[in-house]
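Here's a quick briefing to go with the model you have open.

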Amino acid sequence: MDHPPPPPPTDGRRPTRRAAKRTNYDESVFDALLHDHLGGSRPPRRRNRTAEERQRETETEAMIALSLGFPIDALLDAEAAAGVVHPPGDAAARNDYIVVRNHILARWRANVRSYLSKSEIKETVSRQYDHLISSAYDFLLEHGYINFGVSPAVRAQFLDEHDKGSVIIVGAGLAGLAAARQLLSFGFKVLVLEGRDRPGGRVYTTKMGKQGNFASVDLGGSVITGIHANPLGVLARQLGIPLHKIRDYCPLFRPDGGHVDRSLDVEVDLVFNKLLENAARVREVLGESADGISLGSAIERLQLLYGVARKTEERELLDWHLANLEYANAGCLSDLSLAHWDQDDPYEMGGDHCFLAGGNWRLINALCEDVPVLYKKTVTRIAYGGGFVEVVVAGGQVFQADMVLCTVPLGVLKSGTIKFDPELPAQKLQAIQRLGFGLLNKVAMIFPYVFWGEEIDTFGCLSKDRSKRGEFFLFYGYHTVSGGAVLIALVAGEAALNFEHSDPVASLHSVLGILRGIYGPKGVFVPDPIQTMCTRWGSDPLCCGSYSHVRVGSSGSDYNILAENVGGRLFFAGEATNREHPATMHGAFLSGLREASCILQTWRKNFMGKSDSKKLSQKNLRSYSEVLADLFKEPDLAFGVFSFVFDPSEAEDPKALGLMRVTFGNYSSRKELDEHRQSSEPPLQEFYLYALISREQAHQMKMVSDNDKGRLELLCKKFGIKLMGYTDTCALGSSLIISISGARRGRNRKLQTMHQKIWS
């Protein structure tokens, strides 16, 4: 998404710990504060308002638009490029457009659970601005500023006919799912391929604890960093999920377990921020020469130059702040670029940092609804040089579409496990290599009870060893949102790299030693945890790390290069393609919305009205029709009016997707249907609808109900599966149809070979 030019860069990130305030956060409060600040709450908008009322309302709406990244008195570059104002140089028309645009943004923000229609806007704006309403509304809708998300009202607007192109999305993380939902709403045929057996990617919520008393724990992305204008906050509001503000109080403890002296804490915090300020001045003086210098080396030299933090406790405390900085960037300070490490600071989301009650899987789960996802499909090759794209997964299965959106983490692109044909442009390959991709690991523990204090969300621990300053340096208490006494120890910087190869048992003993060293002298007993989990994100081949940063020799421009599409066929999304919001969950989500818009514009420019793809599609549809008919001659499972076929090579996987066909006609039972087909009587009129369904769901349908009406209710209401016509089935399920057909042929050949051996 586009943004206004940034303000002058700040002196750097400054993690602060302030006094504790309220604990529960309502994202909609921000809008209310704006209204109050500008003159109280706003009555329903009327066409006939006084000049004072119109001015107050315009100011309020401008402030809301500003919080969403729009300039108050100018167009975004993307708006100008889209030609939202005619003629472009008409200043009066531009100003009128901005007022209308801000009004639309504010209207939807007031109720994000709704779907805001163009006609609703026209009810509150003079008819003379109808052309500006259409221009602003279409831009905001197509670029993902309004009517996005997971509310039923938004989902109800998804188009039933997928009359645009087909898109394969690689990866079912936040970026891939955000793009998939947008593209479906635009009328594209979409299929998501995910290498894991679950959605979410680096957003991973798991259950910990005892049977019947589980807690939800986020082992990957966990903190919503800045709630103002954050799209994840919008999703939470749509779902009615409460957010917990992470309280600012963060006590620090010495290696011996004692409290860090408050005055010393304030003093070293000031030293830390002064070092960052001076590092910013150094890069200004050095200019381009700063590109080859790391932030870590600059801080070390400044520390020596000014002779600060010489005493042991001062050094340990400063090291804690530096570890916190490495946590924020998922990288060692020796890797971070002095010149550009904080290039995204001007775009940071305002407001508090929050946890989502019950874990971030609730967002992922909602985003997955109605999105076709195939799991355990690890992509190995993407060919994009011809008239269509081919995506090959491990095992050789091939998927074809008009376009492909690659949302894999930067670490996977660096590893080279996905081969691109033709090879990616040199500029993109260089950007992939230049950008950094670091590590953050966690030790998650669930205890019988909260021993660290119900009012504490975070606390920190200093280390004697500088090389281990990031090892268990910060603890997060998830007891307010997880449903259990969950405590997570963070491992950042160099310690995170070493943690990949450490013994989990030894790591747990180290963590417990730290906790007992802190709380034991206070007379607080620290029990053994009920269960413990250690992450190894760097060793995970489907991510190869945690999140991106600007490494020495790189710059923010590399994020933009990574985001560029190749040839109008191959597109990229993910946090490492978002210059303004890298290394964040909302950055990944926003990049998915951005690329959905880009794909729509590309389709209009390159595909709309062309007949070649339509001819190819019709040819494919005819061949798929023949294959479908052959498959259902011998269904793997059949009852009532339902027939099912599955891939025999995945017979042991209950989650494996197959095809279901529902026969509609004048039949009262499966027996009557079969008898009529075997008789010589002329066929009755019948038609078929199809769906993608798992083996597990098919067997549940068979067991739960003994009548077809009840089964249909289970299918549609509980499973949320939508029946499709023949055309959509061939388009969305083409690869599955081919896969099942090919596996069946292979099985039959094997059976024939066995038969010949037996009788030879």
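Helix α22 (residues 695-704) lies across β24, β25, β26 and β27, and runs at about 120° to β27. Helix α23 (residues 708-718) also packs on the sheet, touching β24, β25, β26 and β27, with its direction at about 50° to that of β25. Contact here means heavy atoms within 4.5 Å; axes are lines fitted to C-alpha atoms, for helices over the stretch in contact, and angles run from 0 to 180 degrees between N-to-C directions. Helices (H or I, at least four residues) and strands (E, at least two) are DSSP runs, numbered from the N terminus.

This is a predicted model: local features need pLDDT of at least 70, side-chain atom pairs count only at pLDDT 80 or more, and totals for chains, interfaces and linings use all residues. Residues are numbered from 1 along each chain as its sequence is written, and side-chain values use heavy atoms, leaving out hydrogens and water.

**The sheet**
- It's an open sheet of four strands in the order β24-β25-β26-β27, with antiparallel pairing (two strands pair if DSSP finds at least two bridges between them).
- The edge strands, β24 (637-639) and β27 (687-694), each pair on one side only.
- Between β25 (residues 642-645) and β26 (residues 657-664) there are four bridges, and F644 has M660 as its bridge partner in β26.

**A hairpin**
- Strands β4 (residues 205-210) and β5 (residues 213-218) pair antiparallel over six bridges.
- Two residues separate β4 from β5, and G212 in the turn has a positive phi of about 85°.
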